[in-house]
Amino acid sequence: MATSKETVLHSWHVANGANMALFGNYDMPLWYKTGAKAEHLAVIQGAGIFDTSHMAAVSVQGKGARTLLQRCLSKNIDCCLGQGKSPLVDGRCVYGVYLKTDGTVIDDAIVYQLQAESFMVVVNAGMGGEIAGHLVENGGERTVTVVDLTDRVGKMDIQGPDSARILGKILKNPAAVFERLVYFSCKGGFADLQTSASVELVDGTPLLLSRTGYTGEFGFELFVPIDRLVSVWTMVLEAGREKGVLACGLAARDSLRAGAVLPLSHQDIGPWPFLNNPWPFALPFNDGHSGFSKDFIGAQALLQSNWDKYTLPFAGFDPRKIGAGSDSFVTSETGERLGSILTCTTDMAIGRVDGEIVSVAGNKQFQAKGLCCGFVLLDKQCVPGETVILSDGKRKIKVEIRADVRPDRTARKAMSLMLG
Amino acid sequence: MKELSELNFREGLRYTDDHEWVSESGATLKIGVSDYAQDQMGDIVYVELPEVGATFEKGEEFGTLESVKAVSELYMPIGGEIVAVNEDLADAPELINEDSYTHWIIEIKPADMDELEDLHSVASYRDLLKG
């Protein structure tokens, strides 16, 4: 068995009382002394920071980089930005999945166009080698250099409505950096991961700043030279002290992303066809949804698939949950077996008022007790509003199939609203 | 995660292998979870309590604690009848995280008070955690 790995922030986590556990073969913090609930709420109401350097970056460079990504990624990068679906340009990024030829998922990714012939692909923990190998294998005659940067790029996220106000204190020229830094765009860079602009912290540390994240809330991902990560982490914490910024562990990351209806790769998406799920925007459907606007690996399998299961988000009526283990299952209210549970966690920022889901983000006085939420994989289509039963064989919990879970999310808010 | 030296133990209580504690008060026993248990579970978000008047055998599940991490079953350390449940936990499950010894979960009338002797003292519970 492979020994577990540590990020460069590992000793910081341990020294700060983190409850540690293995995730993607990295020994990572689940929560710190403040607890996962306080961490989750900090991201909704203020800001939280996450060590995400267990994730892997792969650089894809050269004349053939764009066409190789277009061949391998599910998203159509020539037709993806905004209402008009314009091509991906320098300083913008997109979400997509890498599929096998049978249409099943290898991993999901954010692909950054740093410059015309320079891309960065960010994938999940431990997946850098596999995705780099997949790209090389499909490179064909193209002139392209693929480098797995696993454990060579420092990465942390700051998420929550105060993120820009905190980062602004430690950026050189924050006004210029934040200008036109729209959702899913990036600026700056270092070493081989360089956009045309440069972004530096006040101490001169170069960074690639990306307006992305995995919480559904306003914020940034920071890519820095690996040997600078610990100092950047402590600088951000110090800058955020008066705003009450908290270091957050994987438990809060999981509950925040589930409430934002974002999938966890290898759990909510995985070795089954990438179809009938809440993330069709990752596929290059044409305007009429009759087919795809490009060919890519896995496309033919998806178009011909007879996959008849449905991945659906749900939310409960109180915080109770059923673990997503092999013993658990989903039934109709009359006991008919419908499928399995993929994710079940508790979004601690929400509750129900007269049946409607309310978030502390939209109502500061609201005392949220939390609602369980996640994803189920069902043998039949259910529409939002229908209720199903989650069970582990002993306990049963009624949950509602939802189109969305946590209201009043901030990820897409205009930068100007988040700086005042 | 708390180191062994940071964990709170309360003298005079009995402990189980499942990290519950039992305190004696006359003819009844109060039952809760140890500081180690609450620290391992993380934030507790829901407590499922039994009905007053229900009886359970020793080792039988009487309720659950739901934390951000998982659902943990609670087991009867000694068989008996539930005479009271801590209603405060319904509205404020986080009380267990704040002080897991003050905030008891159930009170029982034991079928056989002598079974208390089978449980750990503080010293032997501490040894169990040392592993």
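How many disulfides are there over all chains? In this predicted model, the count comes to zero. The cysteine sulfur nearest to that of Cys79(A) belongs to Cys80(A) and is 7.4 Å away. A disulfide requires two cysteine sulfur atoms within 2.5 Å, and Cys79(A) is therefore in no disulfide. Cys80(A) is likewise in no disulfide, its nearest cysteine sulfur being that of Cys79(A). The surroundings of each residue were also computed. Cys79(A) has a relative accessible area of 29% and is partly exposed, whereas Cys80(A), at 13% relative accessibility, counts as buried.

Chain A is divided into three parts: domain 1 (10-52 + 152-257), domain 2 (56-148) and domain 3 (308-401). Between the C-alpha centres of domain 2 and domain 3 of chain A, the distance is 34 Å.

Chain B contains an open sheet of six strands, with antiparallel pairing, in the order E1-E2-E3-E9-E8-E5. The edges are formed by strand E1 (14-15) and strand E5 (55-56) of chain B; each has a single partner strand, so one side of each is left without a neighbour in the sheet. Strands of a sheet pair through backbone hydrogen bonds, in either a parallel or an antiparallel manner. For E5(B), the pairing is with strand E8 (residues 80-85) of chain B, to which E5(B) is joined by two bridges in an antiparallel arrangement. Within this pair, Phe56(B) has Gly80(B) in E8(B) as its bridge partner.

Terms used: Residues numbered from 1 in each chain as written. Chains lettered and ligands numbered in written order. Predicted model: local features only at pLDDT ≥ 70, side-chain atom pairs only at ≥ 80, totals over all residues. Heavy atoms only, no water. Domains from an automatic or database assignment. Pairing = 2+ DSSP bridges. Helix = DSSP H or I, 4+ residues; strand = E, 2+ residues; numbered from the N terminus. Buried < 20%, exposed > 50% of the residue type's maximum accessible area, 1.4 Å probe, protein only.
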